[in-house]
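Colleague: I would like to learn how to read a model like this one. Could you take me through the features in turn?

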Amino acid sequence: MDLKEKIKSLTQENVSEIVNIRRHLHSHPELSFQEYQTAQYVADKLKSFGIVPTEGVADTGLVAMIEGKNPQKKVIALRADMDALPIQEENDVPYKSTKPGVMHACGHDVHTASLLGTARVLSQLKEDFEGSVKLIFQPGEEKIPGGASLMIKAGALESPAPNHIFGQHVLPHLPAGKVGFREGMYMASADEIYITVTGKGGHAAMPEKNIDPILITSHIIVALQQIVSRHASPKMPTVLSFGRVIADGATNIIPNEVKVEGTFRTMDEEWRAKAHHRMRAIAESLAEGMGGKCELEIRKGYPFLKNSPELTQRAKNYAIDLLGQESVVDLDLWMAAEDFSYYSQIADACFYRLGTGNEAQGISSSVHTPTFDIDEDALQTGVSLMSWITIQELRY
Ligand code: NI
């Protein structure tokens, strides 16, 4: 039997356990950086597969190695995130969350179950490949500073350093059985913007006595859009949105101060830094020119996610080889953020999407909603593809 057939049959053999793992994780979700029981469960599963993990990496993370023949030859890292979200699940399924207000609504249960399944399959194929596989189970993808950055700080990408790293994420709008790839820029950096404009409040009928922070803020909000339209290259995806403006005056009261909150997203670290600087300069000088004061604070989120073009092209071809051309799609840019980007800033990386939807069965809710669920057939694709990509890349 060739390796592709072996992977398919091993996945098939293990699929009911993989579904059980996913269901266990789904019914026992834990919030970011509190994944203690999840980590214990993952550790126990790995041990039952004969894999000894390093536990407590970045507190609730785990790293484990599967060594083939000639283990130093090449190292492929595979990553799953383990945290859930503060959402009350509304699905009425046997495996629904047993924790009020906490739910695996972003599919991280699927990612963890898939990686455990992949670990199971690859550990059964140790005699068939050269090199090593590094398994990274990380905490806290959903919460700044991002579990990925903490895993890296704790040395997850060192000794041995992987040649390449792969991660997968559910995509409910893509049918189960299909997967998606995108080379190069894929997901955005995300920064939170907090602006405080200070003027001098007073009676609205006496504007000459006041410094109107509302008018100043209006100018700042409009002026800042030139970051997108005038300063960003037309080739560079850039989003600046404000979702909160608080000016607590009245029809006849000008307030002292206005507060604004927004998000800035883009796909290049150099431009990101330049844009931060430019936004601050525009906002501060505008306020000053109008007699007021402006403080612009930027809380940096995750960097942008770049998929290595060559690696992603190869992975996509492995997927076509395993699943057929019709099951592999090209993805659009996505301005959401994902902390896998931290790995992609250091290692040669590929982050791809696993279709989990099933329109006919009514499984189509978006991630981060109380009715998100998956067609569990996707687990088979998740495990067999990750195993196949790993084996092929080790042989490449
Ligand atoms: Ni997610």
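Predicted model: local features only at pLDDT ≥ 70, side-chain atom pairs only at ≥ 80, totals over all residues.

Colleague: How many helices and strands does the protein have?

Modeller: Helices (H or I, at least four residues) and strands (E, at least two) are DSSP runs, numbered from the N terminus. Here there are 10 helices and 16 strands. The C-alpha atoms fill a box of roughly 85 × 45 × 40 Å along the principal axes.

Colleague: What share of the residues counts as buried?

Modeller: Buried means under 20% relative accessible area, exposed over 50%, and partly exposed in between (1.4 Å probe, protein chains only). Of the 396 residues, 55% count as buried.

Colleague: And what do the contacts say about sequence separation?

Modeller: A contact means heavy atoms within 4.5 Å. Take the contacts between residues at least 6 apart in sequence: 81% of them join residues at least 24 apart.

Colleague: Which segments make up the domains?

Modeller: Domain bounds come from an automatic or database domain assignment. Domain 1 is 3-188 + 303-395, and domain 2 is 191-300. Their centres, taken over C-alpha atoms, are 39 Å apart.

Colleague: How do I read the interface of domain 1 and domain 2?

Modeller: Start with buried area: the accessible area (1.4 Å probe) that two parts lose on being put together, summed over both. Between domain 1 and domain 2 that is about 880 Å², and carbon and sulfur atoms give 71% of it. On the side of domain 1, M185, F304 and M335 lose the most area, together 58% of what that side buries. Strand 7 (residues 184-187) gives the most to that side, with three residues. By contact, 13 residues of domain 1 meet 12 residues of domain 2.

Colleague: How many polar contacts and salt bridges cross the interface?

Modeller: A polar contact is a pair of N or O atoms within 3.5 Å; within protein, one must be able to donate a hydrogen and the other to accept it, and residues adjacent in sequence count only if both atoms are side-chain atoms. A salt bridge is a side-chain nitrogen of Lys or Arg within 4 Å of a carboxyl oxygen of Asp or Glu. The interface has two residue pairs in polar contact, both at pLDDT 80 or more. It has zero salt bridges.

Colleague: How many salt bridges does the structure hold?

Modeller: It holds 20. One of them joins R79 and D339, with the closest N and O atoms 2.7 Å apart. R79 is in strand 3 (residues 75-81), and D339 is in the loop between strand 15 (328-330) and helix 9 (340-346), 260 residues apart. R79 is buried at 1% relative accessible area, and D339 is buried at 0%.

Colleague: Which parts do D191 and R272 tie together?

Modeller: Their closest N and O atoms are 2.6 Å apart, in a salt bridge. D191 lies in strand 8 (residues 189-198) and R272 in helix 7 (residues 269-289), so the pair ties together parts 81 residues apart in sequence. D191 is buried, at 0%. R272 is buried too, at 3%.

Colleague: Are R244 and E261 buried or partly exposed?

Modeller: R244 is partly exposed at 44%, and E261 is partly exposed at 30%. Their side chains meet in a salt bridge at 3.5 Å, N to O. R244 sits in strand 10 (residues 238-246) and E261 in strand 12 (residues 257-266), 17 residues apart.

Colleague: Which residues are linked in a network of salt bridges?

Modeller: R22, R23, D109, D373 and E376.

Colleague: How many disulfides are found?

Modeller: A disulfide is a pair of cysteine sulfur atoms within 2.5 Å. The whole structure has zero. For C350, the nearest cysteine sulfur, that of C106, is 18 Å away. C350 is buried, at 0% relative accessibility.

Conventions: Residues numbered from 1 in each chain as written. Heavy atoms only, no water.
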